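Take a moment with the view below before reading on.

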Amino acid sequence: MTRKQKRLSVIAGGLAFLGAATGLTFYALGQKASYFYMPADLTTASVQPGQRIRLGGLVEKGTIQREQGATVAFSVTDTHKSVKVTYTGILPDLFREEQGVITEGTFGPDGVFVADSVLAKHDERYMPKEVADGLKAKGVWQESKSE
Amino acid sequence: MVETGHFALVLAFALSLVQTIVPLFGACLNNQRLMAVGGPVAVTGFALTALSFAALASAYASSDFSVASVWENSHSLQPLIYKITGTWGNHEGSMLLWVLILTFFGALVAAFGSNLPATLRANVLAVQGAIGAAFFLFILATSNPFIRLNPAPIEGRDLNPILQDLGLAIHPPFLYLGYVGFSICFSFSVAALIEGRIDASWARWVRPWTLVAWMFLTGGIAMGSYWAYYELGWGGFWFWDPVENASFMPWLAGTALLHSAIVMEKRSALKIWTLLLAILTFSLSLLGTFLVRSGVLTSVHAFATDPTRGVFILCILTLFIGGSLALFALRASRLTAGGLFHPISREGALVLNNLFLTTATATVLVGTLYPLAVEAFSADKISVGAPFFNLTFGPLMVPLLLVVPFGPLLAWKRGDVIAVAQRLMVAFAAALLATLVTALFIDGASVFAALGVGLAVWLILGALTDLAVKSGFGNVTAGIMVRRLLGLPRSVFGTAFAHLGLGLTTLGIVGTLCFGTEKILSMHAGETVELSGHTLRFVGLYPAQGPNYAEDRGRFELIGVSGSPVGEISSAKRFYPVRQMTTTESGIRTMGLSQLYISLGDEGKDGSVVVRLWWKPLVTLIWGGGLVMMAGAAMSLMDRRLRIGAPSRRRKQASAVTSADLP
């Protein structure tokens, strides 16, 4: 190979590598990104059982139930609709009734959302941003709660 | 005292403007006296910033609640150490720490830069001053830590309990030393672009700064990871959280810079690329500051959201990244490109390293910013987490880790892969053996686990092979070998230790992810549980009182083979009344390199408690590897060649000798 051919093959190799990495990135974004929904969005969005999503809202009052072992069931609501969620594990320290929460997991065939992670707001002063924005959009945001 | 600090901060802002303008003009006009202004101004600016920081720290230490920032983030009952570390445990104070470190580095250039060409030094200080000016203005305009309250409240609102930990004393300062340390590389790059040339002293100067910044950033990230691991009670060491990514991207780019700077110093090739990489690394540091400080992300790091701050930092970001890249586009063609080299060589291996690391940085960048972009342009809200990064970052890292042991053994200019492969035979055989042993003898291990262990062993032994080969192992007697080993340049040890640390971290990650076990159950006092061969008895919950919290401490006894307790682990639920916040204190017992980790959940009506237990084999290696990497960087820094001042002295001697030798 001449010098020029060598250089071209190195450049072609580099470009092929970058191309493969770009392709993989976009494939992964399509496959692995999980969408955020509030309970009322679920009537319009088509979420398949087994599809990984994040479900956010307020923990509905009086719905927290300890089931057998370390499993907990509660409802997540946006005041229009609510969804039953089960979670096995330790709930975050800031998990409370009528407080913002984001759960991540999949819907089971019975329509119950099985969460494998539950995030409550990190700070007393504000809600998870997604939940706050979602509640504002639905007109049920109480500004006083943000303080 | 507080007002003194405020005035000092305003003065430091004014001086940073002087530091930007005067030396820059001096360099343009080639006026020595104007250029000389930069040094003393930089040192004075640092002194004033330090005074300002000390004023704030003393307000925190003495619980002066008439200062708004102290009132919001401190409490008179807090232990003194948390009162002091609380100085930077909030938005305003942490930005002050940021500029303190920035001016500190500027002062170091001023103090030790006497052997730099005068115009380069002036331009570097000017750029450094400009960054300082932008952030001083940011602090004074949007995040002033010295604002007073009138009337002064009697008691403060307490520091966020999650931050009341020794981690706060180490993690932010180290991280900032890393982030901001890259500003020096940035300033050198921009200065080189302004001048339109890169000379030998440029590479010699940039490399140690990269090493220092990289060393602290490594430490800061490792410390942050360990802190999150034990403090949040989730048992994880890395969550691919956008805020973590914000610190990881400069680290990846900085690692690439570290390697390309070697090529530039040794072979004066890759000049333009190194310069661009230095700009990109600091740009990613700025982006990290923006992501964490602007409140666009919800995380433990977002102290309070204020839209004006976000917009302000975004402006700074655009100005510096856009400005430097525009300058690069205009001037890069003027710089002389370095020589070409053979692809199979040390340089070639380092280019490969850069290709992989920058691509990996790009995937992390895409994964971090994509959700923000989607949210900005559509109504959808998405999150990109571990599954994405496992699929993109993972496949990029594995081939890179596979070739790491080859790099240091390849010769410069033209390497011989076959010869290097022969030298690595022992490491390869051991890695293969480790893979087979794992696959055959350790129960339930997946193929990935076995390959992961093999990869880690390959990296560790590869690093040791490098030292063995360079000290003549097998060819010379033991005595000569030891003498040669001790006589090796410190930077050779640096490389070997950094790669060794990488191998140890890999081993820790593989061990924890592939062989770790966990159990979640609800326990009554007196019950026992078994996890990976360890038996734990839950003794019960005991209330206790701390200085500014009340806690329920769950005590567990570790039962030995004989059936009697051999140790105790306790995990607690702490309640901080001021903030009405509960935190979980995890219980950790280190056994060899592994850890038993207990996290306490809620108490049920029947008196049972939800308990989550993890067995984390080799987990300490994850952070231990980070410490070894830091040690590697420290050794490289101690290399004679990089000692500040040494190059110029030696060069003078060398030139004296050559001129004397001339006929």
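In this predicted model, helix 3 of chain B and helix 6 of chain B meet through a series of residues. On the side of helix 3 of chain B these are B:Gly38, B:Gly39, B:Ala42, B:Val43, B:Gly45, B:Phe46, B:Thr49, B:Ala50, B:Ser52, B:Phe53 and B:Leu56. Facing them in helix 6 of chain B are B:Gly93, B:Leu96, B:Leu97, B:Val99, B:Leu100, B:Thr103, B:Phe104, B:Gly106, B:Ala107, B:Ala110 and B:Ala111. By class, the residues of this contact are 14 nonpolar and 8 polar, with no charged ones.

How do the two helices lie against each other? The angle between helix 3 of chain B and helix 6 of chain B is about 150°, and their axes are 8 Å apart. The crossing of helix 3 of chain B past helix 6 of chain B is left-handed.

| Helix pair | Angle | Distance between axes |
|---|---|---|
| Helix 3 (38–61) of chain B and helix 6 (91–112) of chain B | about 150° | 8 Å |
| Helix 8 (167–195) of chain B and helix 11 (271–293) of chain B | about 140° | 8 Å |
| Helix 1 of chain A and helix 14 (386–403) of chain B | about 165° | 8 Å |

Take helix 8 and helix 11 of chain B next. Their angle makes helix 8 of chain B and helix 11 of chain B oblique to each other, and helix 8 of chain B passes helix 11 of chain B in a left-handed crossing. Among the residues that make the contact are B:Phe182, B:Phe186 and B:Phe188 of helix 8 of chain B, together with B:Ile279, B:Phe282 and B:Gly288 of helix 11 of chain B. The residues of this contact comprise 10 nonpolar, 6 polar and no charged.

**Where the chains meet**

The contact between the chains involves 31 residues of chain A and 38 residues of chain B. Which elements of chain A give two or more residues to the side that touches chain B? They are helix 1 (3–32), strand 1 (34–37) and helix 2 (129–137) of chain A. Helix 1 of chain A supplies the largest share, 10 residues. The side of chain A that touches chain B has 15 nonpolar, 7 polar and 9 charged residues.

Helix 1 of chain A also packs with helix 14 of chain B. These two helices are roughly antiparallel to each other, and their crossing is right-handed. In helix 1 of chain A, the residues A:Ala21, A:Leu24, A:Thr25, A:Ala28, A:Leu29 and A:Lys32 meet B:Pro387, B:Phe388, B:Leu391, B:Thr392, B:Pro395 and B:Leu396 in helix 14 of chain B. That contact counts 9 nonpolar, 2 polar and 1 charged residues.

**Chain B as a whole**

Stepping back, chain B contains 21 helices and 10 strands. Its domains are domain 1 (1–164), domain 2 (166–423) and domain 3 (517–616). The C-alpha centres of domain 1 of chain B and domain 3 of chain B are 43 Å apart, and 8 residues of domain 1 of chain B contact 8 residues of domain 3 of chain B. On the domain 1 side of that contact, 4 residues are nonpolar, 2 polar and 2 charged.

The C-alpha atoms of chain B fill a box of roughly 95 × 75 × 55 Å along the principal axes.

Technical notes: Residues are numbered from 1 along each chain as its sequence is written. Chains are lettered from A and ligands numbered from 1 in the order in which they are written. This is a predicted model: local features need pLDDT of at least 70, side-chain atom pairs count only at pLDDT 80 or more; totals for chains, interfaces and linings use all residues. Axes are lines fitted to C-alpha atoms, for helices over the stretch in contact, and angles run from 0 to 180 degrees between N-to-C directions. Helices (H or I, at least four residues) and strands (E, at least two) are DSSP runs, numbered from the N terminus. A crossing is left-handed if the near helix is turned anticlockwise from the far one by less than a right angle, and right-handed if clockwise. Two residues are in contact if their C-beta atoms, placed from the backbone, lie within 7 Å. Ala, Val, Leu, Ile, Met, Phe, Trp, Tyr, Cys and Pro count as nonpolar, Asp, Glu, Lys and Arg as charged, and the others, Gly among them, as polar. Domain bounds come from an automatic or database domain assignment. Angles under 35 degrees count as roughly parallel, over 145 as roughly antiparallel, 65 to 115 as roughly perpendicular and the rest as oblique.
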